[in-house]
Amino acid sequence: MFPFQRYYGKSLPFGDKSFDGTNVGLLTVEQALADYAMLLTELKKQMLAPNVPVIAFGGSYGGMLSAYMRFKYPNIITGALAASAPIYMLDPAFDRSFFFSLVTKDFMDAGYDCFAKVEEGFAAMDKLAGQGQPGLAQLTSDFQLCSPLKNNGAAYKHLQGWIRNAFTYLAMLDYPYPSDFLDMKLPANPVKAACSLLTNASTPIKGLAGASGMYYGADASHSPPCFNITADFIECADPTGCGVGPNAFAWDYQACTEIPLPSGSNGQTDMFPVLPFTPEIRRDYCMKRWGVVPRDEWSGIQFFGTNIKDASNIIFSNGDLDPWRGGGVTSSASNSLVAIVVTGGAHHLDLRASNKLDPPGVIAAREAERFHIRLWVNAAMNPQ
């Protein structure tokens, strides 16, 4: 059984009108947690197992929910594994400028030439964009765009964001074997694969185009005749990308209400163009798109912020290749609030199926996770 959170997947409370007007107002973390608590309580009754221990597992946003389930419902959840869960972002005082600098570090660690080619590519793009229609036409050709770039303003900025989004996910999904996570078919070690395209391309711009195309589907098995950048990438309240489709609406709304996400790129601590996403930009966007004002102060109170020491029985795992680690719990807060660093791990690699190409770091992390979960389950089954 795989229950969907309300407003995701097939769980649309108001059908096709779920995201209209005030209908979307029932989309909150608190309501989602309560749904899971009610479901678990009912399942225990149906299975005649009222006292069986329950461990919550989740990665990314699901990892945040796993931790919050233990925070909110310790009477129902015995323990939690929160993988790649950037819960510290919800503290209003937390510095959210970490993300794109860590994406940059992943590519720099793969080779300084790779990092340099990205910067050169964006600089060369700026020069072409400044030449007016001839330069925009060249960019349209180099990136194999379905529609010509119309201007060096909003249309050009969207192209930059489309590229940045590709590099974001190449870093997040830098698994040691081929994967199709999020319906994107990627080769093993996609950061290294992208770096090879960047360093071997005839021009830095074509290198950017090749690396971006690898993420959006231009490979040997699936090579689109052109890229529709407005369909591939939709700007939203999450600078790291909301995805596309109805699930993207849900995430955009949550990013506008309870879940503040990283700030934009600045071109100084990262390799990307200056594409800011300040609190003011976010507030204006959210009011225009959803008619809401972000309530970050409440999120910091409701979800503990960075003051989590009074909680218990939670494992926080973070891969050292995952750019989300900058918002996660990377130091143990107590004997039962355990931080595990997954050496060689990208976004919640420890929750993926075992693979012969798994690095030693994820094998060790999984064993440590099993150890703590066994302790919690045994303690729950054998109370003193």
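Does Ser 84 count as buried or exposed at 1% relative accessibility? Ser 84 counts as buried, where buried means under 20% relative accessible area, exposed means over 50%, and partly exposed falls in between (1.4 Å probe, protein chains only). The model is a predicted one, so to speak of local features takes a pLDDT of at least 70, side-chain atom pairs count only at pLDDT 80 or more, and totals for chains, interfaces and linings use all residues. Residues are numbered from 1 along each chain as its sequence is written, and side-chain values use heavy atoms, with hydrogens and water left out.Ser 84 sits in the loop between strand 2 (79–83) and helix 3 (99–110); helices (H or I, at least four residues) and strands (E, at least two) are DSSP runs, numbered from the N terminus. Its backbone stands out as well: phi of Ser 84 is near 50°, a positive value in a residue other than glycine. Tyr 7 is another such case, with a positive phi near 80° in a residue other than glycine. Tyr 7 belongs to the segment before helix 1 (29–46), and its relative accessible area of 0% makes Tyr 7 buried.

Gly 9 is also in the segment before helix 1. With a relative accessible area of 31%, Gly 9 is partly exposed. Leaving out residues up to four places away in sequence, Gly 9 touches Phe 4 and Asn 247, where contact means heavy atoms within 4.5 Å. Gly 9 and Gly 300 are 291 residues apart along the chain, and 28 Å separates their C-alpha atoms.

Next come the disulfides. A disulfide is a covalent bond between the sulfur atoms of two cysteines. Here the term is applied to a pair of cysteine sulfur atoms within 2.5 Å, and the structure holds four of these links. With the bonded cysteines of the protein chain numbered in sequence order, the pairing reads 1-3, 2-4, 5-6, 7-8.

One of the links joins Cys 114 to Cys 195, with 2.1 Å from S to S. The pair connects distant parts of the chain, as Cys 114 is in helix 4 (residues 112–129) and Cys 195 in helix 7 (residues 190–200), 81 residues apart. This link is left-handed, with -70° about the S-S bond. Both ends are tucked away: Cys 114 is buried at a relative accessible area of 2%, and Cys 195 is buried at 7%.

Another disulfide runs from Cys 146 to Cys 226, again with an S to S distance of 2.1 Å. Cys 146 lies in the loop between helix 5 (133–142) and helix 6 (154–172), and Cys 226 in the loop between helix 8 (204–216) and helix 9 (229–232), so the link ties together parts that are 80 residues apart in sequence. The link of Cys 146 and Cys 226 is right-handed, with 95° about the S-S bond. Cys 146 counts as partly exposed at 36% relative accessibility, and Cys 226 is partly exposed too, with a relative accessible area of 27%.

Cys 256 and Cys 286 are also joined by a disulfide (S to S 2.1 Å). Cys 256 lies in helix 10 (residues 246–257) and Cys 286 in helix 11 (residues 279–290), so this pair ties together parts that are 30 residues apart in sequence. The angle about the S-S bond is -85°, and the link of Cys 256 and Cys 286 is left-handed. Cys 256 and Cys 286 are both buried.

Helix 10 also holds Thr 257, which counts as buried at 5% relative accessibility. A polar atom of the Thr 257 side chain lies 3.0 Å from the backbone oxygen of Tyr 253. Setting aside neighbours within four places in sequence, Thr 257 is in contact with Arg 282, Val 292, Pro 294, Arg 295, Asp 296 and Ser 299.

That leaves the second largest pocket, with about 340 Å³ of space. On a 1 Å grid over the protein atoms alone, a pocket is an open set of points with protein on both sides within 12 Å along at least five of seven lines, while a cavity is a set of points where a 1.4 Å probe fits but cannot get out; lining residues have an atom within 4 Å of a point. Of the 14 residues that line the second largest pocket, Arg 164, Glu 235, Leu 275, Pro 276 and Phe 277 are the closest to its centre. Helix 6 gives the most to this lining, with four residues, and helix 6 and helix 11 each supply at least two. The lining of the second largest pocket divides into eight nonpolar, two polar and four charged residues.

Note on methods:
Points joined across faces, edges and corners; volume = space filled by probe spheres on them. Nonpolar A, V, L, I, M, F, W, Y, C, P; charged D, E, K, R; others polar. Polar contact = N/O pair within 3.5 Å; in protein donor to acceptor, adjacent residues only side chain to side chain.
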